[in-house]
Amino acid sequence: MTQIHPTAIVEDGASIGNDVHIGPFCVVGADVKLHDNVQLHSHVAIAGDTSIGAGCKIYPFASVGHAPQDLKYRGEKNQLIIGKGTVIRENATLNPGTEGGGSITRVGDNCLFMVGSHIGHDCQVGNSVIMANNATLAGHVEVGDFAIFGGLSAVHQFVRIGAQAIVGGLTGVEFDVIPFGSVVGDRASLAGLNLVGLKRRGFPREQIHALRGAYKLLFKESGTIQERAQEAADAYPDQPLVETLMKFMSEKSNRGFCTPAKN
């Protein structure tokens, strides 16, 4: 049965699914959609045209779907769509889109956003993404599946974070991070591949070996990045991880790419 605490405010028009739990002092706006089995623990504020997927859990003082932090925003229609099974911890903030970015912020399934984390306007976040305490995404950031962000990390607007990449704590990311990459530093530089994550997720040894070889070719010193990418693709054909990496490199980048630090 759906349970709504008597101190909670659910505005007329809100769509509430089955077996939803809305705890004390929560506020749910008129255009909000809470799908089945959503849990709002207490003091959660959800506004705007926001859809919360089935089985999501949101903890106290999270702010979800309120106006984006963008001075260009003029009250135009926008959306925030959150997939199923995502956990949003205390004081996290997730903003909807703006007209300049397509008007929609999307978050995938089974993500974990820890205390004080922030998803800016027009972000496109994949599935099973983890953001540790106070990790932040500026507007228009794209994040692939299974990416991980360490505590107090920050990503510049329009940056792309590839699937299965890991961003170290306290790292500021100004440039795109390749899939499977590991970046660290005051201003992020590649420290190698996220080999621990690849092994944990059961990728075959031969695929990881091919990816390591492609990485070495991609970031050797001679030639242009395009020439090195083609060399890596030719050297490791029909390798799924290498194909994912090459596809990312071939797509439009607004910021350029994170590269290994020069000694």
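## Salt bridges

A salt bridge is a side-chain nitrogen of Lys or Arg within 4 Å of a carboxyl oxygen of Asp or Glu. Arg-89 and Glu-90 form one through their side chains, with 3.0 Å from N to O. A search of the whole structure finds 8 salt bridges.

This is a predicted model, where local features need pLDDT of at least 70, side-chain atom pairs count only at pLDDT 80 or more, and totals for chains, interfaces and linings use all residues. Residues are numbered from 1 along each chain as its sequence is written, and side-chain values use heavy atoms, with hydrogens and water left out.

## A buried pair and its network

Asp-176 and Arg-160 also meet in a salt bridge, at 2.9 Å from N to O. The two residues sit 16 residues apart and link distant parts of the chain. Arg-160 is in strand 24 (residues 160-161). Asp-176 is in the loop between strand 26 (172-173) and strand 27 (181-184). Helices (H or I, at least four residues) and strands (E, at least two) are DSSP runs, numbered from the N terminus.

Asp-176 and Arg-160 are both buried. They belong to a network of salt bridges that also links Lys-247 and Glu-251.

## A loop joined to a helix

Where does Lys-220 sit? The side chain of Lys-220 forms a salt bridge with that of Glu-231 (2.9 Å, N to O). Lys-220 lies in the loop between helix 2 (205-218) and helix 3 (225-235). Glu-231 is in helix 3, 11 residues apart from Lys-220.

Lys-220 has a relative accessible area of 29%, so Lys-220 is partly exposed. Glu-231 is partly exposed as well, because its relative accessibility is 32%.

Two strands pair if DSSP finds at least two bridges between them. Strand 27 and strand 28 pair in the antiparallel sense, over 4 bridges. Val-184 stands opposite Ser-189 in strand 28.

The hairpin has 4 residues between the strands. In this hairpin, Gly-185 takes a positive phi near 120 degrees. Strand 28 (residues 189-193) is mostly covered, with 4 of its 5 residues buried.

Conventions:
Buried means under 20% relative accessible area, exposed over 50%, partly exposed in between (1.4 Å probe, protein chains only).
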